[in-house]
Amino acid sequence: MQNNPMQQELKITCFAKTRSGHPCKTSTVKGKKRCRMHGGAKGSGAPKGSKNALKHGYYTKENIAKRSEVHKLIKEWKTLSQELEGDY
Ligand SMILES: [Zn+2]
């Protein structure tokens, strides 16, 4: 039997739009909502913990947080010193 409906896979078509504006008709990758051409084959972005793009660590989450903390302190110090200057 070739046309057994029980053996047919449930095909979901890709949710993406093609460049011509029509919906993509390719079936999705298992467990994903996009076909293999529209990002279904892999997750988006690098895997967590990947150090491939790390050059100097200037833009790591921790360093960005540290810098913003320092900027906040500088701002506080500036307003504080301006207040003190006003007293003289
Ligand atoms: Zn697609």
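Cys 14 is buried, because 22 other C-beta atoms lie within 10 Å of its own and the cut-off for a buried residue is 20 or more. The model is predicted. Of the 88 residues of the protein, 3% count as buried, and Cys 14 is one of the buried residues.

**Overall make-up**
- The protein has one helix and zero strands.
- The helix, H1, covers residues 61-87.
- Among contacts between residues at least 6 apart in sequence, 3% join residues at least 24 apart.

**Cys 14**
- Cys 14 lies in the segment before helix H1.
- Leaving aside residues up to four places away in sequence, Cys 14 touches two other cysteines, Cys 24 and Cys 35.
- Under that same exclusion, Cys 14 also touches Thr 26, Thr 28, Arg 34 and His 38.
- Met 37 is 23 residues from Cys 14 in sequence, and their C-alpha atoms are 9.4 Å apart in space.

**Lys 32**
- Lys 32, too, is found in the segment before H1.
- Lys 32 is partly exposed, because its count of 17 other C-beta atoms within 10 Å falls between the limits of 12 or fewer for exposed and 20 or more for buried.
- Ile 12 and Lys 32 are separated by 20 residues in sequence and by 9.4 Å in space, C-alpha to C-alpha.

Note on methods
Residues numbered from 1 in each chain as written. Predicted model: local features only at pLDDT ≥ 70, side-chain atom pairs only at ≥ 80, totals over all residues. Helix = DSSP H or I, 4+ residues; strand = E, 2+ residues; numbered from the N terminus. Contact = placed C-beta atoms within 7 Å.
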